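Colleague: I have a few quick questions about this one. Can we go through it together?

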Amino acid sequence: MRKFSIFSLLSEARKAHQGWDRQWRDPEPKKSYDAIIVGAGGHGLATAYYLAKNHGIWNVAVLEKGWLGGGNTGRNTTVIRSNYLYAESAAIYEHSLKLWQGLSQELNYNVMYSQRGLLLLAHNLHEIKNFKRLIYSNRLNGVANEWLTPEQAKAFCPPLNISPSIRYPVLGAALQRRGGVARHDAVAWGYARAADAMGVDIIQNCEVIGFLRSPDGNISGIDTTRGQIRAARVGVVAAGHTSVLMERASLRLPIESFPLQALVSEPVKPVFPCVINSNAVHAYISQSDKGELVIGAGTDQYVSYSQQGGLHVTGHTLDAICELFPQFSRMRMMRNWGGIVDVTPDRSPIIGKTPIPGLFVNCGWGTGGFKATPGSGQLFAWTLAKGEPHAILAPFSLDRFRTGRLIDEAAAAGVAH
């Protein structure tokens with residue numbers, strides 16, 4: 001892998017940038033690997049990278065039925081934060097947030113991480129109590145969070161409308177100053193490039209159609225549209241389509257998949273300095289480095305594997321955005337899209353072993369997947385390499401739905417789902 005630096009950029013500038021190598025190879029699948037990762041999104045690519053980097057397992061394949069980063073990784077609103085309610089959630093998201101801070105340097109790839117601060121708006125007495133409880137819980141878990149009055153919130157984010165006469169008046173806000181955003185495509189590309197440089201095979205247009213089992217019931221490989229591939233360890237990181245894949249292994253998981261919509265405006269000069277979430281109106285907003293306003297909604301209220309959604313959902317979201325930020329009411333929306341979020345009954349992920357020996361799963365992130373990318377990949381790689389869950393991941397095992405030790409993060413999820 002050729003290292004990016006000011007010197008390499010200047011060198012290529014003299015040659016009209018015609019000398020750059022491909023960012024990653026396009027190999028044919030081998031007959032066998034030490035481990036296979038199903039899903040070439042951020043989590044899957046990060047898992048492969050850390051398997052090679054931290055555990056010396058280089059003979060790894062990452063399989064993707066479409067193109068690299070073409071699923072939720074390329075279809076989300078890029079919010080990063082760690083202000084979750086329960087200690088178990090705070091541990092994994094805070095671990096991930098710390099990795100975000102040095103990720104561009106580690107990957108030698110600019111992931112455009114911007115630590116600009118995140119505000120959770122409170123619109124009623126119930127949310128005031130909830131967010132203050134969240135702040136106290138965060139502080140107990142070593143996660144910085146603070147309460148702002150409406151006036152302080154407007155000082156932090158000048159476009160915010162704090163008039164008491166609007167439908168959902170702003171009564172205060174919880175601020176995590178270390179929250180922010182990153183460039184979703186760059187995260188996938190950075191991990192892909194770094195993993196490929198360590199010998200990981202990234203195989204696109206290769207759909208998994210079945211799982212191979214040995215006589216003792218253990219996983220022995222997978223069947224794909226490009227032939228059978230052998231491996232004793234398989235990690236499924238397929239987001240909204242995890243339930244479909246697990247059914248092919250005769251395993252049913254407690255997850256549902258919903259469309260989650262987002263949209264972006266025409267680009268404008270810098271006008272929005274932070275990230276704002278509003279649970280009550282199911283809307284969140286930030287501004288990209290290109291100048292677009294990136295707006296997210298709540299999930300559609302029906303299960304689906306479609307990457308589209310109902311127009312009324314985005315209409316409701318824009319109504320709320322225009323009330324909270326009246327100056328945006330004349331801006332044009334340029335495009336919208338949907339992702340497929342996989343949701344568990346307690347709105348927390350499932351990461352770890354399955355009842356099938358050799359088969360591991362990383363799913364159920366709901367709307368929290370992108371922000372957890374580095375931590376999820378690093379800890380899931382540890383679990384695949386050791387065969388046992390990392391201590392931070394142990395509470396998120398599939399077994400919790402049998403024991404009843406759930407981690408109910410619905411109130412801290414940022415949007416309703």
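Colleague: What share of the residues is buried?

Modeller: Buried residues are 57% of the 417 in the protein chain. Keep in mind that this is a predicted model.

Colleague: And how many helices and strands are there?

Modeller: The protein chain has 11 helices and 19 strands. Its radius of gyration is 21 Å, close to the 22 Å from the globule rule for 417 residues, so the chain is as compact as a globular protein of that length.

Colleague: What box do the C-alpha atoms fill?

Modeller: Roughly 65 × 65 × 40 Å, along the principal axes.

Colleague: What part of the contacts is between residues 24 or more positions apart?

Modeller: 75%, counting the contacts in the protein chain with a separation of 6 or more.

Colleague: Switching to rings. How many aromatic pairs does a search of the whole structure find?

Modeller: The search gives 12 aromatic pairs. One of them is Tyr50 with Tyr191: the ring centres are 5.8 Å apart and the planes are at 65°, which is over the 60 degree cut-off, so this pair is edge-to-face.

Colleague: Where do Tyr50 and Tyr191 lie?

Modeller: Tyr50 is in helix H2 (residues 42–55) and Tyr191 is in helix H7 (residues 184–197), so the pair ties together parts 141 residues apart in sequence.

Colleague: Are those two tyrosines buried or exposed?

Modeller: Tyr50 is buried, at 1% relative accessible area. Tyr191 is buried too, at 0%.

Colleague: What about Trp20, which residues is it clustered with?

Modeller: Ring pairs join Trp20 with Phe4 and Tyr109 in a cluster. The charged end of Arg2 also sits over the Trp20 ring, 4.7 Å from the ring centre.

Colleague: Now helix H5. How far apart are its end C-alpha atoms?

Modeller: They are 23 Å apart. H5 (residues 125–140) has 16 residues and should span 22 Å at 1.5 Å a residue, so the two values agree.

Colleague: Which residues of H5 are buried, and what do they pack against?

Modeller: The buried ones are Glu127, Ile128, Phe131, Leu134, Ile135, Ser137 and Asn138. They pack against strand E4 (118–122), strand E5 (146–148) and strand E6 (172–176).

Colleague: Last one: what caps the N-terminal end of H5, and what follows the helix?

Modeller: Asn124 is the cap, with a side-chain oxygen 3.2 Å from the backbone nitrogen of His126. Gly142 follows H5 and has a positive phi, near 80°.

Key:
Residues numbered from 1 in each chain as written. Predicted model: local features only at pLDDT ≥ 70, side-chain atom pairs only at ≥ 80, totals over all residues. Heavy atoms only, no water. Phe/Tyr/Trp six-rings, centres within 6.5 Å; stacked < 30°, edge-to-face > 60°. Helix = DSSP H or I, 4+ residues; strand = E, 2+ residues; numbered from the N terminus. Buried < 20%, exposed > 50% of the residue type's maximum accessible area, 1.4 Å probe, protein only. Lys NZ or Arg CZ within 6 Å of the ring centre and 35° of its normal. Expected span 1.5 Å × (residues − 1). Contact = heavy atoms within 4.5 Å. Polar contact = N/O pair within 3.5 Å; in protein donor to acceptor, adjacent residues only side chain to side chain. Rg over C-alpha atoms; globule rule 2.2 N^0.38 Å.
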